[in-house]
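Here is a short briefing on one protein chain. Look over the sequence and the model, then work through the points below.

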Amino acid sequence: MKFLMNILPDTLQEKIKKVQIELFLSFINMIKAQVILVTISTTITILGFYILKVDYALTLGLICGLLDILPLFGPSLVFIPWIIFSVIMGNISFAMGLLILYVIIIGSRQIFQAKIIGQNLGIDPLLTLVSIYLGIEIFGFMGLFIGPLVVVIMRALIHSGIIPPLCGTK
């Protein structure tokens, strides 16, 4: 990498360094956004478990919250089998409570995801939502990260001056 940087003109080297710094900061901000999202879903889960009077609500809520890091499965690894088991055991009202809590957790994650990621990465929430959607459509569950990453890379290239801005964007 150093060899390549040394053969490039100084102005291009500066631009590449700006891109590297912006990408590093965006990576840190993406982690921060994920921590915020996990914290929100963990809090909702713990509160829901307390409302449902679940034994070990705090411990189970923390486990479900940590599972929220997994993009495809998340808390479903706990909720879906638990709901099915509760139905089989005849505890329909508890199963319905778990199902409602699960829908609230998943719904809140979807609502907050674009806004929080967009704020932390400095991109419009609608653009974030579109990049997540297109990323998932093209790359599967990894597109959840790849979509916004492509937008961040493009923004860094524009901010550094490597790619000229389109239509007067900054």
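In which helix does Ser86 lie? Ser86 lies in helix α4, residues 76-88. The model is predicted: local features need pLDDT of at least 70, side-chain atom pairs count only at pLDDT 80 or more, and totals for chains, interfaces and linings use all residues. Residues are numbered from 1 along each chain as its sequence is written, and side-chain values use heavy atoms, with hydrogens and water left out.

**Overall layout**

- The chain has 7 helices and 0 strands. Helices (H or I, at least four residues) and strands (E, at least two) are DSSP runs, numbered from the N terminus.
- The pattern along the sequence is α-α-α-α-α-α-α.
- The C-alpha trace spans about 70 × 30 × 25 Å along its principal axes.
- The radius of gyration of the chain is 21 Å, whereas a compact globule of 170 residues would have one near 15 Å. This radius is taken over C-alpha atoms, and the globule rule is 2.2 Å times the number of residues to the power 0.38.
- Of the 170 residues, 35% are buried. Buried means under 20% relative accessible area, exposed over 50%, and partly exposed in between (1.4 Å probe, protein chains only).
- Among contacts with a separation of 6 or more, 54% join residues 24 or more positions apart. Contact means heavy atoms within 4.5 Å.

**Helices α2 and α7**

- Two packed helices are described by the angle between their axes and the distance between the axes.
- The axes of α2 (residues 10-51) and α7 (residues 143-160) come within 9 Å and cross at roughly 145°. Axes are lines fitted to C-alpha atoms, for helices over the stretch in contact, and angles run from 0 to 180 degrees between N-to-C directions.
- From α2, the contact residues include Lys15, Val19, Leu23 and Met30. From α7, they include Phe145, Val152, Arg155 and His159.
- The residues of this contact divide into 9 nonpolar, 4 polar and 4 charged. Ala, Val, Leu, Ile, Met, Phe, Trp, Tyr, Cys and Pro count as nonpolar, Asp, Glu, Lys and Arg as charged, and the others, Gly among them, as polar.

**Buried sites**

- Ser86 counts as buried because its relative accessibility is 5%.
- Leaving aside neighbours within four places in sequence, Ser86 contacts Asn91, Ile92, Phe94, Ala95 and Leu98.
- Cys64 is found in helix α3, residues 57-67. At 1% relative accessibility, Cys64 is also buried.
- Cys64 touches Thr45, Phe49, Pro75, Val78 and Phe79, not counting residues up to four places away in sequence.
- Cys64 and Ile80 are 16 residues apart in sequence and 12 Å apart in space, C-alpha to C-alpha.

**Aromatic rings**

- The whole structure holds 4 aromatic pairs. Rings of Phe, Tyr and Trp (its six-membered ring) pair if their centres lie within 6.5 Å.
- One aromatic cluster is formed by Phe49, Phe79, Trp82, Phe94 and Tyr102.

**The loop between α2 and α3**

- Most residues other than glycine have a negative phi.
- Lys53 is not a glycine, yet has a positive phi of about 60°. Lys53 sits in the loop between α2 and α3, and counts as exposed at 69% relative accessibility.
- Tyr56 also has a positive phi, near 60°. Its place is in the loop between α2 and α3, and at 66% relative accessibility Tyr56 is exposed.

Key:
Phe/Tyr/Trp six-rings, centres within 6.5 Å; stacked < 30°, edge-to-face > 60°.
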